[in-house]
Amino acid sequence: MEKEIEALSFEEALQELEGLVARLEAGELTLDESLTLFERGQKLAERCNKQLNQATLRIEQLTPDGEIIQLPPP
């Protein structure tokens, strides 16, 4: 069974997304299979972007003396 997207780490989501892209590029799937994989890929890409944006915000919250200000979890 596929893991829920929101439970995936960035690395897990990216690895799955890369696998989906490879399967889609191979061109051996039916239209329905391709659409299902494409839809999951879109959700995985959104998950990765969300996590990257959160990481960027944390980095941008550096204080003048180099400490990271801890932001509350989303």
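Here are some questions and answers about this predicted model.

Reader: How many helices and strands does the protein have?
Author: Let us begin with the overall picture of this predicted model. In total, the protein has 2 helices and 0 strands.

Reader: Are α1 and α2 roughly parallel or roughly antiparallel?
Author: The axes of the two helices come within 9 Å and cross at roughly 150 degrees. Angles over 145 degrees count as roughly antiparallel. That is why α1 and α2 are described as roughly antiparallel.

Reader: Is the crossing of α1 past α2 left-handed or right-handed?
Author: Handedness describes how one helix is turned relative to the other. Here, α1 passes α2 in a crossing that is left-handed.

Reader: How do the residues of the contact of α1 with α2 divide into nonpolar, polar and charged?
Author: On the α1 side, the contact includes Phe10, Leu14, Leu17 and Glu16. On the α2 side, it includes Leu37, Leu44, Arg47 and Gln51. Taken together, the residues of this contact divide into 12 nonpolar, 3 polar and 4 charged.

Reader: How much of the protein counts as buried?
Author: A residue counts as buried under 20% relative accessible area. Of the 74 residues of the protein, the share that counts as buried is 16%.

Reader: Which residues does Phe10 touch, not counting those up to four places away in sequence?
Author: Phe10 is in helix α1 and is partly exposed, with a relative accessible area of 23%. Its C-alpha atom is separated by 9.2 Å from that of Leu44, 34 residues apart along the chain. Leaving out residues up to four places away in sequence, Phe10 touches Cys48, Gln51 and Leu52.

Reader: Is Glu11 buried or exposed?
Author: Glu11 is also in helix α1, and its C-alpha atom is separated by 8.5 Å from that of Cys48. The relative accessible area of Glu11 is 55%, and over 50% counts as exposed. Glu11 is therefore exposed.

Key: Residues are numbered from 1 along each chain as its sequence is written. This is a predicted model: local features need pLDDT of at least 70, side-chain atom pairs count only at pLDDT 80 or more; totals for chains, interfaces and linings use all residues. Side-chain values use heavy atoms; hydrogens and water are left out. Axes are lines fitted to C-alpha atoms, for helices over the stretch in contact, and angles run from 0 to 180 degrees between N-to-C directions. Helices (H or I, at least four residues) and strands (E, at least two) are DSSP runs, numbered from the N terminus. Angles under 35 degrees count as roughly parallel, over 145 as roughly antiparallel, 65 to 115 as roughly perpendicular and the rest as oblique. Contact means heavy atoms within 4.5 Å. Ala, Val, Leu, Ile, Met, Phe, Trp, Tyr, Cys and Pro count as nonpolar, Asp, Glu, Lys and Arg as charged, and the others, Gly among them, as polar. Buried means under 20% relative accessible area, exposed over 50%, partly exposed in between (1.4 Å probe, protein chains only).
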